[in-house]
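Dear colleague,

Please find below the structure that I am handing over to you. My notes on what was found in it follow directly after.

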Amino acid sequence: MLRKGSYFYYALANGMFYYSWGTFACIISVYLAGVGYSATEISFITSAAPLFAMISQPVCGMIADKLKSPKLVGIVCLILCMISGLLFAYSQNFIFLFLFNGLTQGFLNGTTALSDRLATASSYPFGAIRVWGSVLYAIACQVAGFVYDYISPLANYYIFAVAVGLTVIGFINMQDVKPQVKTNEEHFTFHEMLKALFKNKAFIMFVVIYVLFQGPTSANSVYMPLLIKELGGTTAMVGTTLFLSTMFELPAVLFSDRIMKRISYRHLMIFAGGLSVVRFVWYATCPAPMMIMSMFFFQGLTSIIFILVAVRIIMDIVDERFVNSAYGISSMLAKGFSAFIFQMISGNIIDYFSGAEAYTIVYFMYALIILLATILAFYFKMPAHRLRQERE
């Protein structure tokens, strides 16, 4: 059971990776508000995550491609992440909070695609590994809310460091990925990689859809906790909402392999987009916190579907040599650039209008942008040769 490459270590790495991320990030906006920062200042500090991700994700992907070792790059990122996360906990200065939040989540974002790459290349079903990420992330959100309210906000960061350490142990004991390419095709230049990706119409179309979807979704993770607090909810209630929504991801994760064999990527994106539009329109009405919690099943079936589609679709439409780089670039634009833009716009709107009215404007904006992404998803098509391979 505990031999190198066993299922236990894949589950440990994936589960504790998302547990650490949940502990650090799920209530960061509440933490910053609690130490006296405004919505605009919070948006700036939290925007460090997508900004640094714009660098870390493609760089980590390209380094992993060059070294042919997603495992090694992931371990280094996790160790640096642990250090910067603890430094964030002891920072009070605005600039240091921005810097250490950016470094911590930048390293986490840089590790995400590498972790998924290792999981998909294993002999175990991806869903059976990724499900532990959803379970432990959900538990982290619930625990973080209670720890914040009843123990100490600082205690969450010690828990984070321990979780990252366990993730490193999991990574060390996973099998690395060696691209199956011919010797004369192993080496490539940055220009060759960019040319191949930008000539790939299916990849470009997917990235546009992903950018429009992920920007509002990422910003929501920052402002939904503040919305609940604005409407009279507690931090523990924020944790419970995130716990329930993440737990509802489990069916999609567990059956992801079967689902994606029967339902096209296009229809999955349309489904996730449609549910997201409904969810954000509901938030825009500023209902009671308990009514926001009641939408947990919508959240559970939206973000995770896009994450699963992103992992699979890039593997299916991109040359094996450039898969890690493609993960990094798509994540940079969607979880980096787009998330940064929407977080900054949202923070300024909330400070300018203040109160529930501000959140109404913000969430109607999110709904409109994701509606556009959903419309574009109707026009997404897989390359013909990839469709033939899928049928075979």
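**Findings in the predicted model**

Ser134 is located in helix α7. Please note that the model is a predicted one. With a relative accessibility of 1%, Ser134 counts as buried, because that value is under the 20% limit. Ser134 and Ile304 are 170 residues apart in sequence, yet their C-alpha atoms are 8.8 Å apart in space.

**Aromatic pairs**

How many aromatic pairs does the structure hold? There are 27 aromatic pairs in the structure. One of them joins Phe24 and Phe88 in a tilted arrangement, with 5.1 Å from centre to centre and 55° between the planes. This pair connects distant parts of the chain: Phe24 belongs to helix α1 (residues 7–25) and Phe88 to helix α5 (residues 70–89), and the two are 64 residues apart. Both Phe24 and Phe88 are buried.

Another pair consists of Phe146 and Tyr150, which are stacked, with a centre-to-centre distance of 5.8 Å and an angle of 20° between the planes. The pair counts as stacked because its angle of 20° is under the cut-off of 30 degrees. Phe146 and Tyr150 sit four residues apart in helix α7 (residues 126–150), so about one helical turn separates them. Are these two residues buried, partly exposed or exposed? Phe146 is partly exposed, its relative accessible area being 37%, while Tyr150 counts as exposed because its relative accessibility is 61%.

Phe24 and Phe88 also belong to one aromatic cluster, together with Tyr31, Tyr157 and Phe160.

**Cavities**

Three cavities of 30 Å³ or more are present in the structure. The volume of the largest cavity is about 1000 Å³. Its lining is made up of 46 residues, and those nearest the centre of the largest cavity are Trp21, Tyr137, Gln214, Ser218 and Ser221. Which helix contributes the largest share of the lining of the largest cavity? That share, nine residues, comes from helix α10 (residues 201–230). Divided by class, the lining of the largest cavity comprises 21 nonpolar, 20 polar and five charged residues.

**Local backbone and side-chain features**

Cys286 is not a glycine, but has a positive phi of about 50°. Cys286 is found in the loop between α14 (265–284) and α15 (289–293). Its relative accessibility is 16%, so Cys286 counts as buried.

Thr241 is part of helix α11 (residues 235–247). A polar atom of the Thr241 side chain lies 2.9 Å from the backbone oxygen of Met237. Thr241 counts as buried because its relative accessibility is 2%.

**Distances along the chain and in space**

Three further residue pairs may be of use to you as reference distances between C-alpha atoms.

- Thr111 is placed in helix α6 (residues 94–120) and is buried, with a relative accessible area of 0%. The C-alpha atoms of Thr111 and Gly22 are separated by 15 Å, the two residues being 89 residues apart along the chain.
- Ile361 lies in helix α19 (residues 355–377) and is partly exposed, with a relative accessible area of 31%. Ile361 and Gln142 are 219 residues apart along the chain, and 28 Å separates their C-alpha atoms.
- Phe255 is situated in the loop between α12 (250–254) and α13 (256–262). Phe255 counts as partly exposed at 41% relative accessibility. The C-alpha atoms of Phe255 and Ser152 are separated by 38 Å, and these residues are 103 residues apart along the chain.

With kind regards

Technical notes. Residues numbered from 1 in each chain as written. Predicted model: local features only at pLDDT ≥ 70, side-chain atom pairs only at ≥ 80, totals over all residues. Heavy atoms only, no water. Buried < 20%, exposed > 50% of the residue type's maximum accessible area, 1.4 Å probe, protein only. Polar contact = N/O pair within 3.5 Å; in protein donor to acceptor, adjacent residues only side chain to side chain. Phe/Tyr/Trp six-rings, centres within 6.5 Å; stacked < 30°, edge-to-face > 60°. 1 Å grid on protein atoms, 1.4 Å probe; cavity = no way out; pocket = protein on both sides within 12 Å on 5 of 7 lines; lining within 4 Å. Points joined across faces, edges and corners; volume = space filled by probe spheres on them. Nonpolar A, V, L, I, M, F, W, Y, C, P; charged D, E, K, R; others polar.
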